[in-house]
Every structure is written in C-alpha cells, then in structure tokens.
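Work through the exercises below with the model open. Each task is followed by its solution in steps.

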Amino acid sequence: MSNVLIPSSVSQRLFITSYFKDYENKISKKLEMQILQKDLIKLGFNELPRLELVRMGLDGMTASFEVQKIGNTFLLKDDKNETACRDFLEAIEKNFNWQKHGCSGKLQHSFDVEDLTRTSMLNTNQFNEENIEIGRAAGLSHDIGRAEQLFKTGTFSDSDSFFRRRKLITAGIYDHGDLGKYLLLENQRQLLRQFIPDTAIYDNVICDAVAYHVKKQLPERLQEPFSSNEKTFFDYGVSELIKMGKMFEVNKYTEYLIRIIQDVDQLDIYRQIIRKDFKPILSDLAEDQATIEAYNLFLSGKYINRADLSKWTCNTGQLIRWSFIYKTMLVSTLKTIKDQKMLETMWEESLNRFNTESTGKNGSTLKLLDLQLGYEFIIALRDALIKTTSDGLFVNKDMAFKEPSVQKIITKYK
C-alpha cells in the first residue's frame with residue numbers, strides 16, 4: 001500500500017453533513033421568500049411536485065393571493081376562490097416540508113451507500129485498505145449533486161425534459177451524477193479539495209464514480225473485464241497504479257467500483273424499512289393482496305415496474321421491493337444482503353405490525369399469507385444467486401433459476 005494520505009471517514013462525513021445542511025438552510029430560505037411575497041405570487045409550479053398539482057387540478061396555475069405568516073402557519077385570502085386558495089396553500093406547505101427534509105434524507109442515504117460500498121468491497125477479498133477507502137469515499141459522495149439539484153429544480157427528477165427545461169443539458173449535465181461531477185470540478189476543484197484536501201491523485205476515480213453511477217451504459221474505457229482471481233488491487237493501491245501509468249488497471253478498478261455503488265444504491269429502501277424510517281402499507285384484506293399479474297412477473301425473474309401493472313395493490317408493492325434483487329449485478333452485494341439479514345428483518349418487521357396500521361381494524365398482527373410464498377422465493381433466489389456464480393463476482397441469474405430450491409417454489413405457485 002502507498003503512503004498517500006487518505007482523509008478519515010469522520011472528516012469526510014463532517015464535510016458531507018455540513019454540505020447538505022447548508023443546502024437545507026438555503027432551500028428553506030428560498031421557499032419562505034417565495035411563499036411570503038405580499039403582492040403577486042408567481043411561484044412557477046415547476047418548483048412543486050407535478051403529480052400533486054395535477055391531482056388537485058392546479059397544474060399550470062398562477063394566482064394573486066394576500067399572504068400572511070403567523071408562526072409556522074401561512075394564511076391566504078382570496079374571496080373569489082377560497083377553495084383554490086386552500087388547496088394552493090396545502091400544496092405549497094407540503095412541498096415546503098418535503099424539500100426542507102429532502103437534503104436530510106439524502107445525507108442519511110449517502111452514509112448508507114458509504115457503509116454498504118465498503119462492506120461489499122470487503123466481501124470480495126480483492127481490495128487493499130487504500131482501495132477500499134477510496135471506494136468508501138466515492139460511495140459517500142456519489143449523490144453530492146442531489147442538494148444542488150433540489151435547490152435549483154425543486155425535485156429529484158433526472159428526466160431529460162426537466163434538465164433541458166432548466167438549461168443544464170447545454171453544459172453536458174443530464175442527471176444528478178453529471179451535476180455532482182460538475183460541482184466537484186468547478187472553481188478549480190474547490191469542493192473536491194475540501195472533500196479530499198491533501199492530494200489530487202484520486203480526483204478522476206471519484207469523479208467518474210459520481211458521474212457514472214447513474215448511467216446504464218458506461219464509456220468503453222470503463223468496460224474492462226474483472227476476474228475473480230484478480231490480485232492487482234490487493235497488491236497495489238490506486239495511487240501506485242496511476243504513478244506507474246497503469247491506466248488500464250485504474251479503469252478496471254473504477255468500473256468495478258461504479259458497479260458496486262450502482263448495486264448498493266438501490267438497497268436504500270431496505271435500510272429505510274429496517275430503520276423504520278419508512279413503513280410500507282401492507283394488509284390482510286382480500287382487495288389488497290398481491291395480484292396474479294404481479295406474481296407472474298415476480299416469479300419469472302423480471303424487475304416489476306409499477307407502470308407495467310394493470311392493477312395496483314399495497315401488497316404488490318412488497319413484490320416490487322423484493323424484485324430489486326433482480327437488478328443486482330454483484331455477488332458481494334447479495335452477500336451483504338444475506339449477512340445483514342435485510343430480507344429477513346424486513347419480513348419480521350412486517351409481520352409484527354398490527355392490522356390497525358393498514359386496515360383500521362382491531363385484532364392480531366398481520367399474517368400476509370399471500371406474500372408468504374414470495375418471501376420464501378426471494379430468500380431461495382438470493383441464496384441461489386450466491387451459490388451459482390461462475391466467477392465469484394457476478395451473478396448468473398439463469399443458473400440460479402435452475403436451482404431445485406427455486407424451481408420447487410415456482411412449481412408450488414403454479
């Protein structure tokens with residue numbers, strides 16, 4: 001390992017915390033200024049969650065309101081359209097709270113991805129301390145563009161039309177990954193130097209990880225094969241490889257790091273449920289059970305997109321959350337899911353909830369009999385994906401589905 005100084009996780013976490021908190025304050029002040037205009041409020045509804053406005057019939061609407069703030073309460077008065085005023089205010093306040101706490105949510109998510117990236121790299125037994133620490137730092141900073149995105153656009157949307165409307169695409173910024181890289185590099189890399197102050201040797205690796213963790217397709221230079229008997233990154237640190245001019249190996253490391261971050265990035269919902277930050281609505285009522293359509297997709301190994309379903313039920317949402325595993329590329333991620341008992345903990349937490357939480361009925365804890373087979377299937381598939389890997393690194397879904405334990409549950413369903 002080289003002697004290059006790598007900032008401690010504590011100092012980097014303090015920096016990221018301060019960064020997101022600063023944006024949280026900026027967003028609060030921005031929203032309060034918009035709300036407290038006394039004459040004509042032209043809030044520009046692009047700043048508000050579009051779906052909420054469409055639901056209330058307010059999309060594209062601007063209006064003149066007299067606004068008064070008393071404590072934390074906002075009062076509007078418009079004799080001509082009292083209902084529209086009230087709905088308009090509710091939308092603003094809901095959006096205010098959502099945006100205000102959006103940065104806090106992304107801060108916790110950044111900590112989660114940092115931890116999961118490090119754990120996943122340790123599970124491969126192929127990286128030395130320096131390379132694991134750089135991976136950890138990349139995981140911590142992967143969503144650094146989110147704060148600016150929320151401040152400038154009012155959403156976390158990465159849609160092309162949104163970025164085009166905000167004139168960000170002209171600068172080569174198509175999503176929050178591109179925005180993060182841009183922010184790290186602007187002003188002579190001032191932000192990057194605050195994050196890693198003592199050396200610039202890791203800049204390209206960190207910036208590539210931030211920019212490309214969003215992309216489905218990586219550039220050709222970052223598509224180098226990575227093998228299970230790879231010892232390069234255990235014997236040499238990234239800084240040493242760069243100094244030796246071995247950019248082929250550096251790109252190989254960067255590609256694998258991006259794949260790790262992409263994998264663990266989607267585990268955020270699992271961590272939220274386990275921490276009880278998010279409590280999915282589940283029910284034993286017949287009308288809330290997972291649909292046959294959703295089950296057929298789930299057991300065929302397809303990631304379920306809500307938009308592809310003809311009918312939505314709250315228990316179908318559980319199948320969708322389990323189907324995130326289908327997007328997992330790396331065995332090390334699955335080992336993390338298994339070692340930390342994420343699926344088991346989520347399931348136990350669901351069964352420990354009372355019917356009153358979702359159905360309004362008094363009684364026993366949830367049974368969720370319609371989801372029992374789905375739970376057994378995802379546990380069997382997780383273990384099969386770990387078992388059937390041909391190289392110890394990447395999953396082989398086709399082989400996993402042929403495992404007797406998996407086929408047995410599919411046959412049971414049919």
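**Exercise 1.** Determine the handedness of the crossing of α16 and α18, then list the residues in contact.

*Solution.* The crossing of α16 and α18 is left-handed, a term for a near helix turned anticlockwise from the far one by less than a right angle. The model is predicted, with pLDDT of at least 70 needed for local features and 80 or more for side-chain atom pairs, while totals for chains, interfaces and linings use all residues. Residues are numbered from 1 along each chain as its sequence is written, and side-chain values use heavy atoms, without hydrogens and water.

Next, take the contact (heavy atoms within 4.5 Å). Helix α16 supplies Leu343, Glu344 and Trp347, and α18 supplies Leu371, Gln372, Tyr375, Ile378, Ile379 and Arg382. By class, these are 6 nonpolar, 1 polar and 2 charged residues; Ala, Val, Leu, Ile, Met, Phe, Trp, Tyr, Cys and Pro count as nonpolar, Asp, Glu, Lys and Arg as charged, and the others, Gly among them, as polar.

**Exercise 2.** At what angle do α13 and α18 pack, and how far apart are their axes?

*Solution.* Helices α13 (residues 292-299) and α18 (residues 369-387) pack at about 10°, with axes 11 Å apart. The two are therefore roughly parallel (an angle under 35 degrees).

Tyr295, Phe298 and Leu299 of α13 meet α18 residues including Asp370, Leu373 and Phe377. The contact of α13 with α18 comprises 7 nonpolar, 1 polar and 1 charged residue.

Notes: Axes are lines fitted to C-alpha atoms, for helices over the stretch in contact, and angles run from 0 to 180 degrees between N-to-C directions. Helices (H or I, at least four residues) and strands (E, at least two) are DSSP runs, numbered from the N terminus. Angles under 35 degrees count as roughly parallel, over 145 as roughly antiparallel, 65 to 115 as roughly perpendicular and the rest as oblique.
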